[in-house]
Amino acid sequence: MQLRLAYAGPTGMVVSWNTFSKLSRPTVRYGREPKALAHTAFSTVSVTYPTSLTYNNHVKLTGLQPNTQYYYLPEYSNSTVPYTFKTSRAAGDDTPYTVAFVADLGLIGPDGLTTSVGTGAANPLGPNDSNTIQSIENNLSNVDFLWHDGDIAYADYWLKEEIQGFLPNTTIADGYKVYESLLNQFYDEMAPITSTKAYMVGPGNHEANCDNGGTTDKAHNISYTVSICMPGQTNFTGFINHFRMPSAESGGLGNFWYSFDNGMVHYIQIDTETDLGHGLIAPDEPGGSENEDSGPFGSYQDAQLVWLQKDLASVDRKKTPWVVVAGHRPWYISAQNDSSDVCEDCRHVFEPLFLQYSVDLVLSGHVHVYQRNAPIRYTDADPNELNNPSSPWYITNGAAGHYDGLDSLVLPLTPYSRVAQDTAYGWSKLTFHNCTHLTHEFVASANGTVLDTATLYKKRSCQGSEGGHGQYGNSDS
């Protein structure tokens, strides 16, 4: 069950899947032809945790060819027909390609986002709407991989959904069963995507615990805290066990911070939930804004920051001219001006490095709206806007959808905002045309309509030719 892939460098792929029993030697057969799975890879990684209903199995396939289709079949698969994947493009490959990006994507269906909501909730799907998972599936042939920047499944909404009468009530002691059920349902419904495309993830606050960062039953005047959570549903335990991101290949740390190259792009996943550095307390660390006992995970105080600077300094901009960073919490957003929505500490830690190393694009979620900003330097919009700015371009898209899944923008919008909306579920489509032009589109999940599009132009030399405006000239529409 829950088959999922993750890049392990241009010549590797991690295959992960879940079983009800522990496997002594998780095994994957694979090859270049569907009827000739001539190669076998195995590991000893079959791990579980308290409250989990399944075991997470992880096998790394190595020595693969870049940008090449393979067929594979995990041990004890429910299918006899091999699945397929394509490895990432080698760094320096300047072929245009497209990536899907989401944040704050939760369970869809009768126990999650559907056409009805509980008492006091809002934002159900319309009767004929597609949801974000369906919308991405419909575009899957044109997408290289899916990047999910935190808040995965929203299993920690179980108690809120019960209090609002959306789910049947259970006891607090048995709540872990509901949590795990929601989690497994989500991973199952993602499998049509994640079994054929790399599923790159980062940490969000809803991975930290089982109680939605605190839940109140107003009718009975009861406030619940992380103290109700069973071992295994705190401190990002499920997130740590379920995924294997390429931290070993990039010197990062687990699924929390890492990087990878794909074609002309260097991608960086950062952790805004723990390990901020500079002595600052991240929101999910003890004493943070949500007062959860989560992290830090680094072996020393500034572990993430030291890694990030080293990683940025090592980027070969001739091979990967584009540098794109994703971190769950935004700091440039038209939202409540408090640490739960606007992560000022994140800005103080990360922005100087983004400016120093000329990061092109910074993606975030957490606030359940869509807001495309201008490129920004220390709160000021870059005067060049999208025409060769010297500052990173900031886009927040936390509108992928989950139970009760949209927030309201705070008006008036911030001066650096260019387009913003809080009424439609959707996902981001990033197209890298060449070394000078990158287009971002906000796709409405309901019907596939592109509600916003803009193209960033950076003046630099592509391999073998001078980058120019051409057909992808400066655009801000």
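Modeller: In this predicted model, the largest nonpolar core has 124 residues. The members that touch the most others are Trp 147, Phe 186, Met 200, Tyr 267, Phe 354 and Phe 432. Helix α3, residues 175-194, supplies the largest share of this core, with eight residues. The core also draws at least three residues from each of domain 1 (1-87) and domain 2 (90-457). As general background, nonpolar side chains in soluble globular proteins tend to be buried together.

With neighbours within four places in sequence left aside, Met 200 is in contact with Ala 6 and Tyr 7, with Phe 145, Leu 146, Trp 147 and His 148, and with Met 245, Pro 246, Tyr 258 and Phe 260. Another core, of six residues, lies apart from the largest one, and Ala 335, Val 367, Val 369 and Leu 409 are among its members.

Next come the two domains. The protein is divided into domain 1, residues 1-87, and domain 2, residues 90-457. Taken over C-alpha atoms, their centres are 25 Å apart. Domain 1 puts 31 residues into the contact and domain 2 puts in 33 residues. In general, the size of an interface is often given as the accessible area lost when the parts come together. Between domain 1 and domain 2 the buried area is about 2400 Å², and carbon and sulfur atoms give 54% of that. One salt bridge is found across this interface.

Ser 88 has its place in the loop between β8 and β9. Its relative accessibility is 1%, so Ser 88 counts as buried, the limit being under 20%. Not counting residues up to four places away in sequence, Ser 88 touches Tyr 7, Gly 9, Pro 10, Pro 66 and Asn 67, as well as Asp 261 and Asn 262.

Charged side chains are the other part of the picture. In general, side chains of opposite charge can pair when their charged atoms come close. The whole structure contains 14 salt bridges. In one of them, Arg 89 pairs with Asp 144, with 2.9 Å between the closest N and O atoms. Arg 89 sits in the loop between β8 (83-86) and β9 (97-102), and Asp 144 in the loop between α1 (132-138) and β11 (145-149), so this pair ties together parts that are 55 residues apart in sequence. Arg 89 has a relative accessible area of 9% and is buried.

A second pair joins Asp 404 and Lys 160, whose closest N and O atoms are 3.0 Å apart. Asp 404 belongs to the loop between β22 (393-397) and β23 (417-421), while Lys 160 belongs to helix α2 (residues 158-163), so the bridge ties together parts 244 residues apart in sequence. Both Asp 404 and Lys 160 are buried.

Arg 418 is in strand β23 and Glu 385 is in the loop between β21 (380-381) and β22, so the pair links distant parts of the chain, 33 residues apart. Here the side chains are not classed as buried: Arg 418 is partly exposed at 30% relative accessibility, and Glu 385 is partly exposed with a relative accessible area of 23%.

Lys 60 forms a salt bridge with Glu 249, with the closest N and O atoms 2.7 Å apart. Glu 273, Asp 284, Glu 290 and Arg 329 are linked in a network of salt bridges.

Last, the database record. In an unreviewed entry, UniProt lists a "Calcineurin-like phosphoesterase" domain at residues 98-370. That stretch is 25% helix and 16% strand in the model, and its end C-alpha atoms are 19 Å apart. UniProt, again in an unreviewed entry, places a "Purple acid phosphatase C-terminal" domain at residues 391-453. This span is 0% helix and 46% strand, with its end C-alpha atoms 19 Å apart.

Terms used: Residues numbered from 1 in each chain as written. Predicted model: local features only at pLDDT ≥ 70, side-chain atom pairs only at ≥ 80, totals over all residues. Heavy atoms only, no water. Core = buried A, V, L, I, M, F, W, Y, C linked by side-chain atoms within 4.5 Å. Buried < 20%, exposed > 50% of the residue type's maximum accessible area, 1.4 Å probe, protein only. Helix = DSSP H or I, 4+ residues; strand = E, 2+ residues; numbered from the N terminus. Domains from an automatic or database assignment. Contact = heavy atoms within 4.5 Å. UniProt positions renumbered as here; feature names shortened; annotations may be inferred. Salt bridge = Lys/Arg side-chain N within 4 Å of Asp/Glu carboxyl O. Buried area = accessible area lost by both parts, 1.4 Å probe.
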